[in-house]
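Okay, everyone, thanks for coming.

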Amino acid sequence: MAEFPHDKQHGDDKTDEMPETLSDERLYTELRKDFVEWFESVDAENFDEELLDAFLAEMEELKPLGNNFDSQSSLEAFHERISSLPAALSENSAQMSTPEKLTQKHHRLFYRAITVAATVAIMVATMMTAQALGVDVFGFLAKWTNDIFFFENGQTESQEPRTYPLAEGERAEYKSIDDALMAFDIDLPLSPSWVPEYVGAWKVSGTVMPSGMQIFAFTEDESGILTWEVSEFTPKDGPSIAIEKDAKGARQYESHGQTHYIIEDNGCNTASWIIDNIQCIISGFITEEELLKVIDSIYEVV
Amino acid sequence: MKKAFKRVSCLLLSFLLLSSIICANAASARSSSSLRYYSANLTAAENGKIFLDASVTGRTPCSKIGISMAYIYESDDGGKTFSRCATYYSSDYPAMMGSGLKYSFTPISFTGTIGHQYKATVLCRAVSDLGDDTKSYETRIVTAHR
C-alpha cells in the first residue's frame, strides 16, 4: 500500500494538532496541494500507480465528483445565451444602412463584377489562343497551325469498298464533274451547279492511287483560277491533305447541314469539308462571297 | 481595395500576355508563294510492299511540281523509335517531279520487313512564276504485312 506524503489517516503530530472543526473542504484543498506537489516531482521511472490511485480515492471521498448533469437546465442556459443575438443582429443591420457602409458594399460589388468580367475576358483570350495554336475548340476534327489547315483523323465511319473504273495508277479524263462522279459511282452532293461567269469550263481527270481514288478539276484556261477536288481516304488513316493558309484562322460555313471550312491564303480562297470518307476541296482566286455561292450551288436542285 | 486592385492587375496582365502570344503567332505565319495544298501517303500492300504516293497542287501552273526529296524511316520496336532507312531524291528519281497545276503520282515503292513500322517525310515543292517553295510533310505510320 502506498503512503501519502502527508497521510492524515496515519495520525502524525501535525494531524493531531488539527482542530476538529477542520472542514472536508480544507482537507481536500490540502490533499490536492500535496497531490500536485507529488505529481510534479515524480518522474516516469519512480511513478507509483498505487499512490496515484490512493490520492484519487481520498479526494473522491472528500469531494465526490458530481454526476448530476441536467439537460433541461443546460438547454435553458443556452436559450438565455442566444436570446441577445437578434438584438445584436438588428444593431448590425442598422449600422450597415449608414451611407458609409452602403458605399463599401457597392465598392465590393463593383470589384466582384470587375473580377468576373476579367475572368470572362481571359477565358475568351484562352480560346482564341487555342484557335491560333491550331486547336478547333468547337469541333476538334478540323485543325490548323499558323500556315496550314488539315483534318484530324477520327469520326469517320467505315465505308463500303468503292468500285473504281480504273486500275491503280491509271488516269482518265472526263467531260464533266458529274461524269467523273458517276464513273466512280459516287452518289453524293459534290458537284457545283454555279461558278462565276468569268471562270471557264472544267477540265476533269480521275486517277486511282494506292491510298484511294482522286478526281481533280480545274478551269480550262489552266490559269488555276479555280480548282475542284475530291480525294478518298481510308477511315483508319483519315484525310491527309494540308492546305496552305495565311495568318487568318479558318472559319466554318454551314450550308444544308454540312460544315465547310473556309481558309484564306493571300487572295486564294479555299473551302474544304469531309463527307463520308471523301475530302472535298474547292479553291481559287475568287472572292469569299463567290466561293460561298459555289458551295451553296452544290446542294441546290437544278 | 488594395487587394482588389492587385487581383484586377493580375488578370489584366494575364490577358495582355495571352494576347501577345496570339499576335506573335500571327506575325510568324508564313503561307506559300507557289503551293496551294498537298499530301503524301504510305500504303502497305501484300508481301511487305510499301507505296509512297504524293499529291501536290500549285497556286498556278508550275514548271516543276512534286516531291523533291523523301526520307523513309523504319521502326522495329512497334513505332516507339524510328531511324532513317532510305532517302530518295528527285534528281535520282525523275518521277518524283512533274509539271502543271497538279502532281499526283506514286513515284516510290519498296519492300519493308514484315512487322516493322514505316513513315516518310517528304518535301513538297512547286516552282512557278509566283516563286519556288518547298514544304515538309510527314506521312502517317504503316506496318509492313504479309
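Let's start at Asp276(A), which sits in the loop between S10 and strand S11 (278-284) of chain A; helices (H or I, at least four residues) and strands (E, at least two) are DSSP runs, numbered from the N terminus. Before I go on, the housekeeping: this is a predicted model, where local features need pLDDT of at least 70 and side-chain atom pairs count only at pLDDT 80 or more, while totals for chains, interfaces and linings use all residues. Residues are numbered from 1 along each chain as its sequence is written, chains are lettered from A and ligands numbered from 1 in the order in which they are written, and side-chain values use heavy atoms, with hydrogens and water left out.

Back to Asp276(A). It isn't a glycine, yet its phi is positive, about 55 degrees. Most residues other than glycine have a negative phi. Is Asp276(A) buried, exposed or partly exposed? Its relative accessibility is 34%, so Asp276(A) counts as partly exposed. Buried here means under 20% relative accessible area, exposed over 50%, and partly exposed in between (1.4 Å probe, protein chains only).

Now hop over to Asp185(A), in the loop between helix H7 (177-183) and strand S4 (202-209) of chain A. Asp185(A) is another non-glycine with a positive phi of about 55 degrees. Asp185(A) counts as exposed, because its relative accessibility is 57%.

Next, into strand S10 (residues 268-275) of chain A, where we find Asn269(A). What does Asn269(A) touch, leaving out residues up to four places away in sequence? The list is Ile263(A), Glu264(A), Ile282(A), Ser283(A), Gly284(A), Ile286(A), Thr287(A), Glu288(A) and Leu291(A); contact means heavy atoms within 4.5 Å. And if you look across to Glu290(A), 21 residues away along the chain, its C-alpha is 9.6 Å from that of Asn269(A).

On to a helix pair. Helix H2 (residues 24-41) and helix H3 (residues 49-62), both of chain A, pack at about 160 degrees, and their axes are 9 Å apart. The axes are lines fitted to C-alpha atoms, for helices over the stretch in contact, with angles from 0 to 180 degrees between N-to-C directions. So H2(A) is roughly antiparallel to H3(A) (under 35 degrees would be roughly parallel, over 145 is roughly antiparallel, 65 to 115 roughly perpendicular, and the rest oblique). From H2(A), the contact uses Asp24(A), Leu27(A), Tyr28(A), Leu31(A), Arg32(A), Asp34(A), Phe35(A) and Trp38(A), and from H3(A) it uses Leu51(A), Leu52(A), Phe55(A), Glu58(A), Met59(A) and Leu62(A). That contact splits into 10 nonpolar residues, no polar ones and 4 charged; Ala, Val, Leu, Ile, Met, Phe, Trp, Tyr, Cys and Pro count as nonpolar, Asp, Glu, Lys and Arg as charged, and the others, Gly among them, as polar.

Zooming out, chain A has 8 helices and 11 strands, and 39% of its 302 residues count as buried. Chain B has 1 helix and 7 strands, running α-β-β-β-β-β-β-β from the N terminus on. Of the 146 residues in chain B, 46% count as buried.

That's my tour, so over to you.
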